[in-house]
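My entries follow in the order in which I checked each point.

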Amino acid sequence: MLKILKYSFYDLMRSRWSYVYFAFYLLLGIVLLFLNNDLSKAVITLMNVIIVLVPLIGTIFGVMYYYNSKEFTELLLAQPLKRSSIFMGQYLGVAISLSMSLILGLGLPFVFYGLFESSAIWDFSLLLITGTFLTLIFTALAFNIALSNENKIKGFGYAILLWLFLAVIYDGLFLMTLIMFEDYPLDKLSLIGTMLNPIDLSRTLILLKLDISALLGYTGAVFKQFFGTSFGLIVSFAMLTVWVILPVLRIIFKSNKKDF
Amino acid sequence: MVTIEGLHKKFGKQQVLSGLDLSISEGGIFAILGPNGSGKTTLIKTILGMVIPDKGEISVLGKNIKVNSEYRHKIDYLPQIANFPSNLKVKELIKMIKDLRKSTKEDERLIELFRLTPFLDKKLGTLSGGTKQKVNLVLTFMFDSPIVILDEPTSGLDPISLIRLKDLIQAEKAKGKTILITSHIMSFVEEVSDEIVFILEGKIYFKGSILELKTKTNQPDFEHAIASILTENHA
């Protein structure tokens, strides 16, 4: 698996898109820092961008890489290699190179700005960790979609829909449910609702850490009240890990069942 | 060497293999023939574990392939369509495959044999179909495994490369290897193969030597013998 990971990673490092993604984050980091002039405020703005953008890039990139590297996959399948290592190697190759673009792209301007002397360093690290989690989750989901759909256009369609659903529609539905059932106790429901969406979960996680009650919203408040800050952090991390493991398991399962 | 029992495979609604039984003994060249869409490639891919059968047992070298995938290291496989990553150079591709499987020195001899040296620094995307097929052949033959499976090995090759390929196949046979070939070029099959396996409608219709086929169908030459099977069965 490590060898396939290496080749996928090199392949991606040679492609233009990793650099575009890296440059984008670099620019975003620089612009935010110099416009804001305040590290903690920049972190909050970054959070809003990361939480929507990282899943989108992860999904699109994952689906694109899977379909584009079909020839490479076919070549590997003709060799005596385990299927799970072929697909896991490719998945990790994509996920790691995307995470690296994110961490380096955002990290560099912040380091130069004086991150290490600032108190925002933990908030910022948490932001990067969450971003990495989201990359792992959404790339895995994208691989699942691509493995299940031979048709490229369909695969892309489902990938975009998935992102749109989790990033936008889910929140709307969630809010509407809360309003409709406002006469009932909704603590549990809203907790579960948050856990079932990795994007919401990441947002709550970061806001818990930043301790900005004004931005927490109803779910965040319930979360904080229910779990407390530190336990809440642990629970959300555990849930994010589950969100990575489940799609990864399905990649392995699905790839072992598929005909090539 | 390879034993297959009651193999069934369906793709959607299309039944490709329906209860195929086949046993291939050690050493020799076996040609798998059949009309288009008769399931030749599917059969090969099930032996390789690339297609998962609905029913049936396959064992290679005495071991059931479902239990352990180690047997794959004993098989060299030439895929039908050589789809290579187009941004890689020939040299890099060979190096990569060696890195993924195992180290070998055979590639230099094969590169020499197929006169590929001038192409080593070219990207795979810029190569012609025939040259790609030669690269494909190098990748397949460089590992020296006891079983060799060739899916349409002749496609795109020029006459001189075809002669070299035939010599190569005979040399591999002389080492005691078991070689499975599918091809639509009847003259090629007639020249190289020891035994014919004819697939029709997902089953083995005939297995035996070319001579036996000629007597069975009452035809003087091989090509007509094959054609008579196909016309008799309205395929």
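Before looking at any crossing I noted the convention: a crossing is left-handed if the near helix is turned anticlockwise from the far one by less than a right angle, and right-handed if clockwise. Helices (H or I, at least four residues) and strands (E, at least two) are DSSP runs, numbered from the N terminus.

I also noted that this is a predicted model, in which local features need pLDDT of at least 70 and side-chain atom pairs count only at pLDDT 80 or more, while totals for chains, interfaces and linings use all residues. Residues are numbered from 1 along each chain as its sequence is written, and chains are lettered from A and ligands numbered from 1 in the order in which they are written.

**Helix α3 of chain A**

I looked up helix α3 (residues 39-68) of chain A against helix α5 (residues 83-113) of chain A, and found that their axes come within 10 Å and cross at roughly 150° (axes are lines fitted to C-alpha atoms, for helices over the stretch in contact, and angles run from 0 to 180 degrees between N-to-C directions). The pair is therefore roughly antiparallel, a label for angles over 145 degrees, and α3(A) passes α5(A) in a right-handed crossing. Among the residues making this contact are A:Phe61 and A:Tyr65 of α3(A) and A:Leu98 and A:Leu102 of α5(A), where contact requires C-beta atoms, placed from the backbone, within 7 Å.

I then turned to helix α9 (residues 198-210) of chain A, which packs with α3(A) at an angle of about 165°, the axes being 10 Å apart. Here too α3(A) makes a right-handed crossing, and its residues A:Ile44, A:Met47, A:Ile51 and A:Pro55 meet partners in α9(A) that include A:Arg203 and A:Ile206.

**The sheet of chain B**

In chain B I found 4 strands forming an open sheet in the order β2-β1-β4-β5, with antiparallel pairing (two strands pair if DSSP finds at least two bridges between them). Because β2 (14-24) and β5 (63-64) stand at the edges with a single partner strand each, one side of each has no neighbour in the sheet. Strand β4 (residues 55-60) of chain B is joined to β5(B) by 2 bridges, and I noted B:Ser59 opposite B:Asn64 in β5(B).

**Where the chains meet**

Last, I checked the interface, where 16 residues of chain B are in contact with 15 residues of chain A. On the chain B side, helix α2 (residues 90-100) gives the largest share, 4 residues.

How values were computed: Two residues are in contact if their C-beta atoms, placed from the backbone, lie within 7 Å. Angles under 35 degrees count as roughly parallel, over 145 as roughly antiparallel, 65 to 115 as roughly perpendicular and the rest as oblique.
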